[in-house]
Amino acid sequence: MKSLSKPIYPVIWQDNKVLLIDQTVLPNQYEMVEISSYEDMAKAIKTMIVRGAPAIGVAAAYGMYLGARDIKTDQKDKFVEKIGIIAQELRQTRPTAVNLFWAISRMLKTAQETTGTVAEIQATLLKTAQKIQADDLQTCQEIGENGLAVLPTEPQKLTILTHCNAGALATAGYGTALGVIRSAWTAGRLERVYADETRPRLQGAKLTAWECVQEGIPVTVISDNMAAHCMKQGLIHGVVVGADRIAANGDAANKIGTYGLAVISQMHNVPFFVAAPLSTIDFALENGEQIPIEERHPSEIYKVGETRLCPDGVDYYNPAFDVTPANLIKAIITEKGAIKPDDILTLREVNN
Ligand code: MRU
């Protein structure tokens, strides 16, 4: 396994192109993929070279810029029309993480509202993508601090369970759920992390575990079906997960398996937290039932690597996300503080 001695940034703007850490080959290989066009960025999001809601948003923002940069016209109306088409293509990549749509809308609005020549608008679009990225990094650090303030006060050293990867790899850097865990580690409040392996894509086993190893954070990987047993044994003091989209009533979509984790957390009296930036809240949706759930290819279930697991003649269902109802969430940890899911509408003004 490769180890790094520098912060993890999954999306890097360098020499007029984007470099992405290829998250499909970690932890066995650490490779950067060069992205020079919006079409390549759309493919990278679809194939999960870059994944995790805020990281997808950052990547899409750069995708919008790359597309805008290559539009050959001096006329603003034609430029805006073409960038609208690029936005539409990027929106088709993944349906659940609202950060994708949020970042694309922000870039589109910038293109429409910026005055000046096309070249000036293009330059402003690059600055906007860079700002989205820089803001997300800052936001994650604030989420980390706010999360630390609401973690259980006993015992002094906590064992925290997380699901999927809501770390630096899933954001501009630092992470949301893993940001809270990082802050707890830095503050001397963390004993260890339990990482659900997170079938079928194994983001916990591959990515969260890799990030913890980079930072020297003790990590125990368990398969998803072991979490209830660990809670029953008193091994887990809190659960912190990320989110892909949070509805206006506090229902939160996250990686498949999160809902089950919330149910067993309640059963065992283990506090269950969701950590996410305001850009993950979709105030347009009344509740979680309205959140579109991505369904991915069945091969993610019937194959592990090149090995086929199931016999022919079997049907499959592969939803990539599920929705945890607000009443199972103790608090939603944002950059503006930790709030009860019921109070989420109070953040609407701040988000505008
Ligand atoms: O399918 P993925 O790997 O993009 O799913 C990622 C998750 O579910 C994360 O928990 C979520 O995006 C939050 S990332 C800070």
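Biologist: Which loop holds P200?

Modeller: This is a predicted model, where local features need pLDDT of at least 70, side-chain atom pairs count only at pLDDT 80 or more, and totals for chains, interfaces and linings use all residues. Residues are numbered from 1 along each chain as its sequence is written, and side-chain values use heavy atoms, with hydrogens and water left out. Helices (H or I, at least four residues) and strands (E, at least two) are DSSP runs, numbered from the N terminus. On that basis P200 lies in the loop between β5 (190-196) and α7 (203-215).

Biologist: Is the bond that joins R199 and P200 cis or trans?

Modeller: Omega is about 0° for the peptide bond joining R199 and P200. That bond is cis.

Biologist: Where does the ligand sit?

Modeller: A molecule sits in a cavity if more than half of its atoms lie within 2 Å of its grid points. A cavity is a set of points, on a 1 Å grid over the protein atoms alone, where a 1.4 Å probe fits but cannot get out. The ligand's site is the largest cavity.

Biologist: Which elements give two or more residues to the shell around the ligand?

Modeller: The shell has 19 residues, and the closest include R94 and D244; here near means a heavy atom within 4 Å. The elements giving two or more are α2 (53-69) and β9 (252-255).

Biologist: Why does the ligand lie between two domains?

Modeller: Domain bounds come from an automatic or database domain assignment. Both domains give residues to the shell, so the ligand lies between domain 1 (11-139) and domain 2 (142-351).

Biologist: Which residue has a polar side-chain atom 2.8 Å from an oxygen atom of the ligand?

Modeller: A polar contact is a pair of N or O atoms within 3.5 Å. Polar backbone atoms of G52, at 3.0 Å, and A53, at 2.8 Å, also lie by ligand oxygen atoms. The side-chain atom belongs to R94.

Conventions. A polar contact is a pair of N or O atoms within 3.5 Å; within protein, one must be able to donate a hydrogen and the other to accept it, and residues adjacent in sequence count only if both atoms are side-chain atoms. On a 1 Å grid over the protein atoms alone, a cavity is a set of points where a 1.4 Å probe fits but cannot get out, and a pocket is an open set with protein on both sides within 12 Å along at least five of seven lines; lining residues have an atom within 4 Å of a point.
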